[in-house]
Amino acid sequence: MKRILIILGVIIFALSTVLATEQIPDKLIIGNDTIFLKSFPLEELKVNGEFIKSPFSYGKYWFPHTACWRGYIATWEVIDDLLFLKEVRKLDSVGTQLDIVEYLENNGYNPKIINGFVQADWYSDALIAYDLFYDTYSPEKFYIVKDYIRNRNKKKIELVFENGRLILNNITPIEDYKIGDTLCFDVSYYRTNIGWFFGKSKNTQIEGIIRANDGEMVWFEVVSLGTDKKDDIPIIKEKIKKLDNSWINPRYYRRKE
(Lines give C-alpha, C1' and ligand atoms only; values in the text may rest on other atoms or scores of the structure.)
Protein backbone atom coordinates (compact mmCIF):
# COMPACT_ATOMS: atom_id res chain seq x y z
CA MET A 1 0.00 0.00 0.00
CA LYS A 2 2.80 2.41 0.91
CA ARG A 3 4.53 1.68 -2.37
CA ILE A 4 1.33 2.42 -4.33
CA LEU A 5 0.91 5.76 -2.54
CA ILE A 6 4.52 6.70 -3.34
CA ILE A 7 4.02 5.84 -7.02
CA LEU A 8 0.79 7.84 -7.15
CA GLY A 9 2.53 10.79 -5.53
CA VAL A 10 5.31 10.71 -8.10
CA ILE A 11 2.79 10.53 -10.96
CA ILE A 12 0.74 13.45 -9.62
CA PHE A 13 3.88 15.55 -9.13
CA ALA A 14 5.12 14.76 -12.64
CA LEU A 15 1.77 15.61 -14.21
CA SER A 16 1.48 18.87 -12.32
CA THR A 17 4.98 19.86 -13.44
CA VAL A 18 4.39 19.02 -17.10
CA LEU A 19 0.93 20.56 -17.29
CA ALA A 20 2.31 23.76 -15.80
CA THR A 21 4.23 24.47 -19.02
CA GLU A 22 3.17 27.80 -20.53
CA GLN A 23 0.91 27.16 -23.52
CA ILE A 24 1.28 28.90 -26.89
CA PRO A 25 -1.79 31.14 -27.16
CA ASP A 26 -4.56 31.36 -29.73
CA LYS A 27 -5.19 34.73 -31.43
CA LEU A 28 -8.36 36.79 -31.20
CA ILE A 29 -8.92 39.70 -33.59
CA ILE A 30 -11.33 42.45 -32.57
CA GLY A 31 -11.30 45.38 -35.00
CA ASN A 32 -7.69 46.59 -35.23
CA ASP A 33 -6.75 44.78 -32.04
CA THR A 34 -5.11 41.36 -31.71
CA ILE A 35 -5.59 39.73 -28.31
CA PHE A 36 -3.84 36.53 -27.22
CA LEU A 37 -5.91 33.78 -25.61
CA LYS A 38 -4.49 31.62 -22.84
CA SER A 39 -7.67 29.51 -22.81
CA PHE A 40 -9.02 27.92 -25.94
CA PRO A 41 -12.61 28.06 -27.29
CA LEU A 42 -12.24 25.04 -29.58
CA GLU A 43 -11.20 22.89 -26.63
CA GLU A 44 -14.51 23.73 -24.94
CA LEU A 45 -16.18 21.24 -27.31
CA LYS A 46 -13.98 18.52 -25.82
CA VAL A 47 -14.59 19.69 -22.27
CA ASN A 48 -18.34 19.62 -22.91
CA GLY A 49 -18.10 16.11 -24.33
CA GLU A 50 -19.07 17.09 -27.88
CA PHE A 51 -16.11 15.22 -29.36
CA ILE A 52 -12.70 13.88 -28.50
CA LYS A 53 -10.80 13.72 -31.79
CA SER A 54 -7.80 16.02 -32.10
CA PRO A 55 -7.19 18.05 -35.29
CA PHE A 56 -3.67 16.81 -36.03
CA SER A 57 -1.28 14.01 -35.24
CA TYR A 58 2.45 14.27 -34.60
CA GLY A 59 3.66 10.74 -35.06
CA LYS A 60 2.37 8.75 -32.09
CA TYR A 61 0.93 11.84 -30.40
CA TRP A 62 -1.67 14.56 -31.04
CA PHE A 63 0.61 17.34 -29.81
CA PRO A 64 4.12 18.51 -30.85
CA HIS A 65 5.47 19.35 -27.38
CA THR A 66 4.26 20.24 -23.88
CA ALA A 67 3.89 23.94 -24.77
CA CYS A 68 0.94 23.10 -27.01
CA TRP A 69 -1.08 20.19 -25.64
CA ARG A 70 -3.98 20.91 -28.00
CA GLY A 71 -1.72 20.49 -31.06
CA TYR A 72 -2.70 23.61 -33.00
CA ILE A 73 -2.98 27.41 -32.98
CA ALA A 74 -6.38 28.87 -33.81
CA THR A 75 -7.23 32.36 -35.02
CA TRP A 76 -10.58 33.84 -34.01
CA GLU A 77 -12.26 37.05 -35.08
CA VAL A 78 -15.22 39.05 -33.82
CA ILE A 79 -17.33 40.32 -36.73
CA ASP A 80 -20.56 42.21 -36.01
CA ASP A 81 -20.31 41.00 -32.40
CA LEU A 82 -20.20 37.34 -33.45
CA LEU A 83 -17.19 35.10 -32.78
CA PHE A 84 -15.85 33.20 -35.78
CA LEU A 85 -13.18 30.50 -36.03
CA LYS A 86 -11.14 31.76 -38.97
CA GLU A 87 -8.16 29.42 -39.05
CA VAL A 88 -6.59 26.40 -37.35
CA ARG A 89 -2.92 25.69 -38.08
CA LYS A 90 -0.65 22.80 -37.23
CA LEU A 91 2.68 23.54 -35.56
CA ASP A 92 4.80 22.27 -38.43
CA SER A 93 7.25 23.88 -40.84
CA VAL A 94 4.54 24.91 -43.31
CA GLY A 95 1.69 25.71 -40.92
CA THR A 96 -0.68 23.10 -42.35
CA GLN A 97 -4.25 24.42 -42.25
CA LEU A 98 -7.18 22.41 -40.97
CA ASP A 99 -10.41 22.00 -42.91
CA ILE A 100 -12.48 23.29 -39.99
CA VAL A 101 -15.90 22.32 -41.32
CA GLU A 102 -14.79 18.79 -42.19
CA TYR A 103 -13.13 18.41 -38.79
CA LEU A 104 -16.25 19.48 -36.89
CA GLU A 105 -18.57 17.34 -39.01
CA ASN A 106 -16.31 14.29 -38.59
CA ASN A 107 -16.70 14.78 -34.86
CA GLY A 108 -20.47 14.80 -35.18
CA TYR A 109 -20.82 18.55 -34.72
CA ASN A 110 -22.97 20.52 -37.17
CA PRO A 111 -21.26 23.91 -37.53
CA LYS A 112 -23.11 27.15 -38.17
CA ILE A 113 -21.51 28.86 -41.17
CA ILE A 114 -21.93 32.55 -41.98
CA ASN A 115 -20.20 34.08 -45.01
CA GLY A 116 -17.94 31.06 -45.26
CA PHE A 117 -16.74 31.12 -41.64
CA VAL A 118 -17.70 28.91 -38.70
CA GLN A 119 -19.48 30.80 -35.94
CA ALA A 120 -18.40 29.62 -32.48
CA ASP A 121 -21.97 29.41 -31.23
CA TRP A 122 -20.95 26.80 -28.64
CA TYR A 123 -18.69 29.22 -26.80
CA SER A 124 -19.77 31.05 -23.63
CA ASP A 125 -17.24 32.46 -21.20
CA ALA A 126 -15.91 35.41 -19.22
CA LEU A 127 -12.26 36.34 -19.80
CA ILE A 128 -9.88 38.28 -17.57
CA ALA A 129 -6.29 39.53 -17.92
CA TYR A 130 -3.71 36.77 -17.56
CA ASP A 131 -1.71 37.69 -14.46
CA LEU A 132 1.23 35.30 -14.46
CA PHE A 133 3.48 38.30 -15.04
CA TYR A 134 3.15 39.55 -11.46
CA ASP A 135 4.38 43.13 -10.95
CA THR A 136 7.88 43.11 -12.44
CA TYR A 137 7.25 42.46 -16.13
CA SER A 138 4.96 43.90 -18.79
CA PRO A 139 4.71 41.88 -22.01
CA GLU A 140 4.05 43.68 -25.27
CA LYS A 141 1.08 41.44 -26.05
CA PHE A 142 -2.16 41.46 -24.06
CA TYR A 143 -3.07 37.97 -22.82
CA ILE A 144 -6.48 37.02 -21.46
CA VAL A 145 -7.72 33.80 -19.90
CA LYS A 146 -10.89 32.08 -18.76
CA ASP A 147 -12.16 33.34 -15.41
CA TYR A 148 -11.71 29.95 -13.74
CA ILE A 149 -12.46 31.16 -10.20
CA ARG A 150 -15.55 33.15 -11.18
CA ASN A 151 -13.92 36.51 -10.42
CA ARG A 152 -13.46 35.81 -6.71
CA ASN A 153 -10.37 38.01 -6.84
CA LYS A 154 -12.44 40.98 -8.11
CA LYS A 155 -10.47 41.25 -11.34
CA LYS A 156 -12.00 43.24 -14.14
CA ILE A 157 -13.87 41.14 -16.69
CA GLU A 158 -12.35 42.01 -20.07
CA LEU A 159 -14.61 40.06 -22.46
CA VAL A 160 -17.83 38.09 -22.15
CA PHE A 161 -19.17 35.72 -24.81
CA GLU A 162 -22.59 34.06 -24.76
CA ASN A 163 -23.24 31.38 -27.38
CA GLY A 164 -20.64 32.86 -29.66
CA ARG A 165 -21.79 36.46 -29.32
CA LEU A 166 -19.64 39.16 -27.75
CA ILE A 167 -21.87 40.84 -25.17
CA LEU A 168 -19.23 42.74 -23.17
CA ASN A 169 -15.91 44.30 -24.21
CA ASN A 170 -14.02 46.19 -21.50
CA ILE A 171 -10.64 46.19 -23.24
CA THR A 172 -9.35 49.74 -23.52
CA PRO A 173 -7.92 50.60 -26.96
CA ILE A 174 -4.23 51.57 -26.76
CA GLU A 175 -4.95 54.91 -28.39
CA ASP A 176 -7.21 55.82 -25.43
CA TYR A 177 -4.17 55.98 -23.13
CA LYS A 178 -3.09 59.63 -23.26
CA ILE A 179 0.19 61.31 -22.40
CA GLY A 180 -0.10 62.55 -18.82
CA ASP A 181 -2.50 59.78 -17.71
CA THR A 182 -1.65 58.15 -14.37
CA LEU A 183 -1.39 54.36 -14.12
CA CYS A 184 -1.18 52.45 -10.86
CA PHE A 185 -0.62 48.88 -9.71
CA ASP A 186 -0.10 47.00 -6.46
CA VAL A 187 3.21 45.47 -5.40
CA SER A 188 3.85 42.90 -2.67
CA TYR A 189 7.33 42.70 -1.18
CA TYR A 190 9.30 41.34 1.78
CA ARG A 191 11.50 43.52 3.96
CA THR A 192 14.00 40.71 4.54
CA ASN A 193 15.38 37.92 2.36
CA ILE A 194 13.65 35.30 4.50
CA GLY A 195 10.40 37.22 4.90
CA TRP A 196 8.73 34.94 2.36
CA PHE A 197 9.39 31.98 4.67
CA PHE A 198 7.26 33.52 7.41
CA GLY A 199 4.62 34.78 4.98
CA LYS A 200 5.02 38.38 6.12
CA SER A 201 4.63 40.47 3.00
CA LYS A 202 3.89 44.16 2.66
CA ASN A 203 1.86 45.89 -0.02
CA THR A 204 2.11 49.25 -1.70
CA GLN A 205 0.55 51.02 -4.65
CA ILE A 206 2.87 52.26 -7.37
CA GLU A 207 1.85 55.25 -9.47
CA GLY A 208 3.38 56.50 -12.69
CA ILE A 209 2.78 58.87 -15.57
CA ILE A 210 2.44 58.02 -19.27
CA ARG A 211 5.08 60.03 -21.14
CA ALA A 212 4.60 58.61 -24.66
CA ASN A 213 2.36 56.23 -26.64
CA ASP A 214 3.67 54.43 -29.74
CA GLY A 215 0.35 52.77 -30.60
CA GLU A 216 1.27 49.43 -29.00
CA MET A 217 2.82 50.31 -25.64
CA VAL A 218 3.32 53.40 -23.46
CA TRP A 219 6.42 54.92 -21.85
CA PHE A 220 5.96 54.77 -18.08
CA GLU A 221 7.69 56.92 -15.47
CA VAL A 222 7.20 56.01 -11.80
CA VAL A 223 6.33 59.04 -9.67
CA SER A 224 5.23 57.41 -6.40
CA LEU A 225 6.24 54.25 -4.53
CA GLY A 226 3.32 54.57 -2.12
CA THR A 227 5.54 54.76 0.97
CA ASP A 228 8.09 57.07 2.58
CA LYS A 229 9.74 54.36 4.70
CA LYS A 230 13.45 54.57 3.92
CA ASP A 231 14.12 50.87 4.53
CA ASP A 232 11.40 49.83 2.09
CA ILE A 233 12.19 52.17 -0.79
CA PRO A 234 15.34 50.33 -2.10
CA ILE A 235 13.47 47.00 -1.99
CA ILE A 236 10.52 48.36 -3.97
CA LYS A 237 12.77 50.13 -6.47
CA GLU A 238 14.68 46.92 -7.12
CA LYS A 239 11.47 44.99 -7.67
CA ILE A 240 9.99 47.42 -10.22
CA LYS A 241 13.20 48.53 -11.93
CA LYS A 242 12.16 46.89 -15.23
CA LEU A 243 8.98 48.97 -15.29
CA ASP A 244 10.31 52.41 -14.37
CA ASN A 245 11.21 54.57 -17.38
CA SER A 246 10.42 51.84 -19.88
CA TRP A 247 7.80 50.76 -22.39
CA ILE A 248 4.93 48.84 -20.80
CA ASN A 249 1.57 47.43 -21.83
CA PRO A 250 -0.89 49.73 -20.01
CA ARG A 251 -3.70 47.19 -20.09
CA TYR A 252 -2.09 45.30 -17.21
CA TYR A 253 -2.43 48.35 -14.97
CA ARG A 254 -5.22 50.49 -13.58
CA ARG A 255 -5.76 53.95 -14.93
CA LYS A 256 -6.25 56.47 -12.16
CA GLU A 257 -9.08 58.86 -12.92
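Cys68 has 0% relative accessibility and therefore counts as buried, a label for anything under 20% relative accessible area, with exposed meaning over 50% and partly exposed in between (1.4 Å probe, protein chains only). This is a predicted model, where local features need pLDDT of at least 70, side-chain atom pairs count only at pLDDT 80 or more, and totals for chains, interfaces and linings use all residues. Residues are numbered from 1 along each chain as its sequence is written, and side-chain values use heavy atoms, leaving out hydrogens and water.

**Cysteines**
- Cys184 is buried too, at 5% relative accessibility.
- Searching the whole structure turns up 0 disulfides, a disulfide being a pair of cysteine sulfur atoms within 2.5 Å.

**Around Asp125**
- You will find Asp125 in strand E7, residues 125-129; strands (E, at least two residues) are DSSP runs numbered from the N terminus.
- Asp125 is buried, its relative accessible area being 7%.
- Its side chain forms a polar contact with the side chain of Lys146 at 2.9 Å (a pair of N or O atoms within 3.5 Å; within protein, one must be able to donate a hydrogen and the other to accept it, and residues adjacent in sequence count only if both atoms are side-chain atoms).
- Beyond neighbours within four places in sequence, Asp125 is in contact with Glu44, Lys146, Leu159, Val160 and Phe161, where contact means heavy atoms within 4.5 Å.

**Around Ser246**
- Ser246 sits in strand E14, residues 246-248, and is buried with a relative accessible area of 13%.
- A polar atom of the Ser246 side chain lies 2.9 Å from the backbone oxygen of Leu243.
- Setting aside neighbours within four places in sequence, Ser246 is in contact with Val218, Trp219 and Phe220.

Technical notes: Helix = DSSP H or I, 4+ residues; strand = E, 2+ residues; numbered from the N terminus.
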